[in-house]
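Q: Hey, could you walk me through the aromatic contacts in this one?

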Amino acid sequence: MANAKALAIAAITALLAMCIPVSYWISRNQLVEQEVRSEIAVEVGNVKSLLSNQFNGFDLITRSVKGFLDASQEVTASEFRAFVRSLNLQAISPGLQGVGFAKLRSGRNAQNSAMPLFRAPQQMHEAAPAGVLRTHAPIMFMEPLEANRNSIGFDIFTVERARAAAELAGETGDLVASEKISLVQDASAAPVAGFVLYLAVYRGLSRLEAPGAPEAPKALSGWVDVPFRLADVLQPIAASLPPGLQLVFFEKEAGGREVLLHGFLDGATIDATRIVDSEFSSSDYLQFGGRKWHFRIDPTTNYVGAQHTATHHWIAAIGALLSISLGCIVFLILTSRNRAEALALQMTASMREVTEDLNGTLDAIPDLLFEMDLDARYLELRASNKAGFIMPADQMLNRTVWDILPPAAAEVVHRSIREANASGRSTGSRLEIPLGDDTRTFELSIARKQTFNDAAPRFIVLSRDVTERTRAEQQAQHLAYFDILTGLPNRRNFLASAQKILDETGMQQVFGAVLMIDLDKFKSVNDQWGHQCGDEILRQAVSRIRNVVGDPHILARFGGDELIVILTGLGEFLALARAGAEKICQEILAQISMPIAVDLREHRISASIGIAVFDGGQKSLDEIISGADSAMYHAKSDGRNGYRFFDRELQKVLAERVGLVQDMRAGLVENEFHVLYQPQVGVTGKVLGAEVLCRWTHAEKGPIPPSLFIEMAEGSGFIFQLGQWVLRKACDTLSAWKTDPDLSTLRLAVNVSAKQFHHPDFVGNLLSIIHSTGINPELLELELTESILAQDVDSIAEKMRLLKSIGVYFSLDDFGTGYSSLNYLKRLPLDQLKIDQSFVRDLMTDSGDASIVRTIISLGESLGLDVIAEGVETLAQHQFLLDSRCRSFQGYLFSRPLSCLDFVGFVKT
């Protein structure tokens with residue numbers, strides 16, 4: 001009986017001691033597992049990004065070939081080969097098997113009728129028994145020919161999956177990927193998962209169609225055929241993964257079953273038997289070509305094991321062993337009194353060593369460690385750093401959290417203990433405790449201890465100081481909803497708050513107003529005095545507007561130098577609401593116009609304000625903001641430093657602009673547009689070329705200023721069609737000059753807008769125009785404005801390099817007025833910088849403009865770029881530019897823009 005009692009006491013002692021290392025081991029394992037899942041999620045995102053880049057390259061190549069074929073009446077094998085080679089497939093889209101064209105043929109002799117398209121006859125496959133298929137689609141071209149020779153003549157309609165994808169592409173006009181097939185190129189090798197991209201090609205699309213005109217019938221000519229092996233695309237991506245991560249690509253059948261396509265481990269292909277699923281696996285998919293490309297990353301046991309350091313296992317194991325040792329010691333003491341008395345000194349020393357070792361292990365835990373009962377009473381306390389205690393430890397024992405902590409924090413602890421009592425554990429609860437002059441945030445992890453003989457429940461509480469992490473999270477939250485520079489709510493915050501105000505205004509049946517505020521010519525402040533000065537001016541301007549607006553109205557930064565205000569409670573009558581909004585606008589303009597001192601220098605700015613009054617009726621928030629924005633631009637066009645209401649009169653002006661946009665589309669069909677040529681000359685006055693300028697003479701309203709119709713074309717999306725028309729005119733002119741010795745070396749410059757250049761079909765259509773006109777691409781100059789650099793520079797550089805590879809000349813127009821930086825100049829394959837006429841106009845009277853002009857010329861020389869100045873109108877300007885080593889000029893001093901006939905006469909005289 002005595003031995004049984006001693007054994008029970010020893011077991012309880014060991015279990016109590018073991019709770020501490022067990023709790024520590026559990027928390028550490030959870031942390032490691034979270035880190036592994038986070039790392040795999042990052043790699044899934046990387047794989048998706050790399051695969052998206054590969055597919056975007058495929059899309060660019062396919063659409064470029066489509067543009068070439070659409071615009072060509074008849075293409076030979078050698079012409080197709082030359083065009084495809086100019087695309088530099090492996091540099092743009094590695095992994096492609098080739099690029100080809102499958103021509104649509106109807107009737108029993110479809111395959112034989114395709115043979116005349118080749119310069120040299122080539123053997124064609126007998127795709128199907130004669131008379132079986134009445135519609136065929138033999139592959140006419142496939143480049144590079146060396147690796148794809150046996151595909152020439154193959155009828156893609158004999159493969160059901162290929163035929164289904166091609167027909168879908170013909171019906172929708174979209175790029176469509178086939179289901180998994182075996183490529184004809186792999187006919188003699190082991191089966192490999194292959195896919196083919198199809199994009200329909202139509203006859204009769206080379207001429208530019210005007211919107212609104214009757215749509216010409218589209219005759220399906222065939223398909224751009226782009227085969228690729230999935231393994232070739234995936235292998236480089238798999239090789240970039242850290243060792244131990246399996247990359248698995250699979251298809252999902254209708255029932256949700258996964259069918260393996262490819263598996264990779266450490267860059268090498270593996271079969272299905274070696275793929276190991278894991279609780280840490282993460283999957284995703286990418287939408288491309290009308291289908292979903294599913295993939296998953298499975299960590300191997302070696303990878304997961306490598307993330308687990310053995311340290312916490314050893315610490316937990318040591319704690320468990322020490323707990324068992326303590327129980328054994330207690331048992332020996334109780335059952336061997338005589339031996340205990342004989343070895344008292346030795347055992348005392350051993351106990352002291354064990355206790356110190358256990359204390360050292362527990363002290364190494366950085367968190368606060370408590371043992372508590374169901375009433376949240378402190379029974380035991382331990383911490384390596386006592387600074388986390390709200391009072392001395394001995395004063396906390398046997399007292400509840402209600403006696404020690406603030407009520408809110410005590411409630412969190414008590415609620416978490418009840419949760420742990422019900423489910424066995426509780427994690428993630430946070431509480432704030434004032435410590436000295438600071439308030440610290442702690443995160444709780446609570447586990448219920450195992451008890452015996454119906455003993456009252458006990459709980460092990462780990463309290464971790466997460467103050468810095470919480471502050472970082474709060475800062476991130478602040479950055480997501482507030483502007484860093486001004487401290488104002490940002491666009492996202494404003495839209496959420498404004499929608500609530502709009503709803504409340506409708507229920508209260510009162511008026512409110514939205515003010516759109518834009519600082520006039522604020523960009524010139526940044527350009528002349530630097531962004532640091534501009535930022536300070538913006539902060540002071542915001543402070544003044546905030547003082548005027550006040551509560552309960554909301555002021556936010558909408559973007560750049562645009563601020564937005566929503567005024568509430570302006571009364572039940574429209575006239576009263578307009579008067580209230582007008583008074584606030586007048587006060588804002590008065591405050592903004594006062595001098596702003598920055599670095600002992602006074603600056604004066606103004607603002608333009610657009611006002612849209614609302615009553616919470618049927619108008620949406622987007623419509624109200626759009627109205628205020630339109631009114632603001634109307635205020636700018638009226639001379640700036642003022643405000644305008646969005647009303648019926650302004651709606652009428654906007655309606656007139658919409659009508660003008662429609663007239664512009666019709667005018668392109670009715671030949672109301674024409675081009676002029678303004679000469680560009682060298683140092684000796686010799687004509688080097690000309691800039692092609694687009695002009696519009698309206699049938700009823702006469703000449704329309706380019707500044708107006710170009711802006712409308714960009715806003716309406718018509719700029720792509722208009723720009724392609726100008727490019728065609730320029731290339732036709734160069735083609736007509738090829739045989740004239742006085743004109744055959746002249747270069748023509750064409751302005752290309754940002755929206756036009758970013759169009760996905762721009763490169764393909766331009767290559768088609770160059771090919772069809774047969775011009776020397778080196779004589780075609782594309783002038784890109786600096787606004788184009790506001791978007792993806794890498795994509796811009798890729799398109800420029802593709803055109804540059806065939807000789808197209810690039811100039812950066814209006815240099816110095818937009819997004820210029822040395823980084824952009826080094827990354828883009830430019831040939832020329834064009835000094836904006838705004839700098840040339842005042843260079844004789846403005847020392848700042850003169851310095852800017854000299855700097856641009858010197859910068860061009862250092863980078864090996866040509867420099868041309870536009871807007872040269874006086875001899876003094878010309879002489880200044882000559883003295884500054886500028887070698888090319890354009891402006892009214894030399895000639896106004898001329899018709900083509902007058903320009904030819906100007907050159908020859």
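A: Here is a short chat about ring pairs and charges over rings.

A: This is a predicted model, where local features need pLDDT of at least 70, side-chain atom pairs count only at pLDDT 80 or more, and totals for chains, interfaces and linings use all residues. Residues are numbered from 1 along each chain as its sequence is written, and side-chain values use heavy atoms, with hydrogens and water left out.

Q: Great, how many aromatic pairs does a search of the whole structure find?
A: The search gives 23. Rings of Phe, Tyr and Trp (its six-membered ring) pair if their centres lie within 6.5 Å; planes under 30 degrees apart count as stacked, over 60 as edge-to-face and the rest as tilted.

Q: How do F55 and F58 pair up?
A: Their pair is tilted, at 5.9 Å centre to centre with 55° between the planes. They are about one helical turn apart because they sit three residues apart in helix α1 (residues 2-70).

Q: Are those two buried or exposed?
A: F55 and F58 are both buried (under 20% relative accessible area, with a 1.4 Å probe and protein chains only).

Q: And what about F195 and F228?
A: That pair is stacked, because the ring centres are 6.0 Å apart and the planes are at 25°. F195 is in strand β6 (residues 194-203) and F228 in strand β7 (residues 219-229), 33 residues apart.

Q: Which residues form one aromatic cluster?
A: F55, F58, F195, F228, F288 and W293.

Q: Switching topic, where does the charged end of R578 sit?
A: Over the ring of F645, 4.0 Å from its centre; the cut-offs are CZ of Arg or NZ of Lys within 6 Å of the ring centre and within 35 degrees of the ring normal. K799 likewise lies over the face of F757, at 5.8 Å from the ring centre.

Terms used. Helix = DSSP H or I, 4+ residues; strand = E, 2+ residues; numbered from the N terminus. Buried < 20%, exposed > 50% of the residue type's maximum accessible area, 1.4 Å probe, protein only.
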